[in-house]
Every structure is written in C-alpha cells, then in structure tokens.
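Work through the exercises below with the sequence and the 3D view at hand. Each task is followed by its solution in steps.

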Amino acid sequence: MWRDAELAAARGALSAEQLRARQLQLHDDFAFVANCNLGGEFLSDESIAKLQSIGAQGWQRHFDDRLGLSAAELRQLDALRPKAPALPAMEALLADLPEHRIPWGDDRPAVEAGDPRNKYGFDMKLPPYQQNLGELHNLCIRRGTLTDEDRFKINDHMVQTYIMLKGLPWPAGLEQVPELAATHHERLDGKGYPRRIPGERLGVLDRVMAICDVFEALTAADRPYKPPKTLSETLRIMAFMCKEQHLDAELFRYFLRARLWENFATRFMKPAQQDAVDMEALEALLPTPASCTAVA
C-alpha cells in the first residue's frame, strides 16, 4: 500500500503533501494493528471499529492462493470456493475468510453435557470451529490474545489428563490421583472446567492445588506468551480471584499469613520479581471469613 501511494504520486494522482500524509497514516495504522496484536486487558468498541476500517482497505493479489496448500487445505478451499477468481483479484487488507474456519470433522471432542459419548461428566462449551485463523477474529479479541478456539485447546489438557489417568490401574491409596490432577481448574462458583464441579464438592486438596497452580502460572518466567508477574501483582490478582469465587479465600489467607509465597519466591523467582508486598492491602481485598470449618 506504501508502494501504491508512491505510484499514485508518480502518476500525478497524489501531491507530495498528500503522499506524505498517506504514508504517515500507514505508519499509524501499522502501529495500531501491531499493538492490538499484543493483546491487553480490554479492547474497546472504538478500537474494533478502527481495525475493521483499516482492514476494509483493498489491495490487488496477483498470485494463485491455492499454490503450496496441503491436501486438506486444498479440499476445504475447493469446497468453499470451487472457482478461483480471475487475477489480479482484490483482497481486503485484513479479513475473516471462510477458509480460515477449520471445522471439527470426525474428531469433535465429547465434552459437552448431553453428548452420549461423554462418559466422564465433562461440561465444557465447544467452540463452533476447531480453529479460526481469521485475521480480524484474532485481532479483535476483547481481553488477552486467546480466541475461544485457542482457549478450548489449552483447557483440553484437563480433559486429556482425566481420560488418561482414569484408564490406569491405581494401587490402593492413590485412587484419588485422577480427581486431584483434573480438578485444579475448577472454581468455587462452579464455573471452572472440565466438569463445572460446584464448590461444595471440592475438597481441601483440590482447593490447595488450585491456589498453587495459579500462583505458579502467574509468576513463571519461562512462558513464551507472557512476561512473569511480580509478587505484588500476583498476590493482588489472586485476592481478586478469591472475591470472584474462583479461589478459596480462607486457604489463600493462610497462604498469605504463612508466607508460603515468600519461601517459593526465594527459591524459584527472579530477584526483579520479588518486590514489596502490602499484606494489609491484600487482606482488605479478601471477603470476610464466614468460618474456619472448610480449612479445618
């Protein structure tokens, strides 16, 4: 598009001032799209509208987009678009095309409630497609960088964990291993996964595992998709998760007061992550304890 603007100026269709304005706009648009690609806490309606406006700009494709495709990709494209458009063809700068949507096919997972193949009690919402590579679909994610399809693929590790472990002959005393391994993403409000187990059915070990898993995930410095959180950031996030009935507030309060987080940080976290923690402020965020029976 930069080159198109230069050609338009060379042909006299744009003045030097208009060319400069167009190039500045392209710089701004590119930086805006790149920033949206990083993800964040919230993407506004205005930002989504701007992405769609940028994406609607056209460019000319001079090459056959069927070349170099795998057999499966080619079959899907032929079914959706049997006749290739004549070249050159106009394309949108950013687009969600039918071929971006990869159907489930025969390997549709049996994880939805009511699916007769679901014999493990899973209760997960299956996204309509196995994968969606749409450019606007991926750039317009409201929070973070994961589409519903990405998130399901990540959450599916709990499904596979439970299926594999339930198939093993556990010796006496270890029968609980499949349940413990597959419930640390459940929530007290029953909105977790993979089985939406309500809080009253989650044992102390399940709740402890959930706290450990979240703390380790937030502070981990080896994840390529995110920078590690500091201690203060991590504990504040977890305090809000307690307010939202994601984590057990009383067990988290014990985790704070026993300073288990400090022991972990000393052994495993980078010095730059080990910032000051305001215990009073964290305690103030937590719901008032109703009783200590659950911890007992």
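Asp115 is buried, at a relative accessible area of 16%; buried means under 20% relative accessible area, exposed over 50%, and partly exposed in between (1.4 Å probe, protein chains only). The model is predicted, so local features need pLDDT of at least 70 and side-chain atom pairs count only at pLDDT 80 or more, while totals for chains, interfaces and linings use all residues. Residues are numbered from 1 along each chain as its sequence is written, and side-chain values use heavy atoms, with hydrogens and water left out.

**Exercise 1.** Describe the surroundings of Asp115.

Step 1. Locate the residue: Asp115 sits in the loop between strand 3 (101-102) and strand 4 (131-132). Strands (E, at least two residues) and helices (H or I, at least four) are DSSP runs, numbered from the N terminus.

Step 2. List its contacts (heavy atoms within 4.5 Å). Leaving aside residues up to four places away in sequence, Asp115 touches Pro109 and Ala110.

Step 3. Follow the side chain: that of Asp115 reaches the backbone nitrogen of Arg117 at 2.9 Å.

**Exercise 2.** Find the salt bridge partner of Asp248 and state which parts the pair ties together.

Step 1. Use the rule that a side-chain nitrogen of Lys or Arg lies within 4 Å of a carboxyl oxygen of Asp or Glu. The whole structure has 19 salt bridges.

Step 2. The side chain of Asp248 meets that of Arg207 at 2.6 Å, N to O. Because Asp248 lies in the loop between helix 9 (231-243) and helix 10 (249-257) and Arg207 in helix 8 (residues 204-219), the pair ties together parts that are 41 residues apart in sequence.

Step 3. Compare accessibility: Asp248 is buried at 7%, and Arg207 also counts as buried, at 16%.

**Exercise 3.** Is Asp222 buried or exposed?

Step 1. Asp222 has a relative accessible area of 61%, so Asp222 is exposed.

Step 2. Asp222 forms a salt bridge with Arg223 (3.3 Å, N to O), and Arg223 is partly exposed at 22%.

Terms used: Polar contact = N/O pair within 3.5 Å; in protein donor to acceptor, adjacent residues only side chain to side chain.
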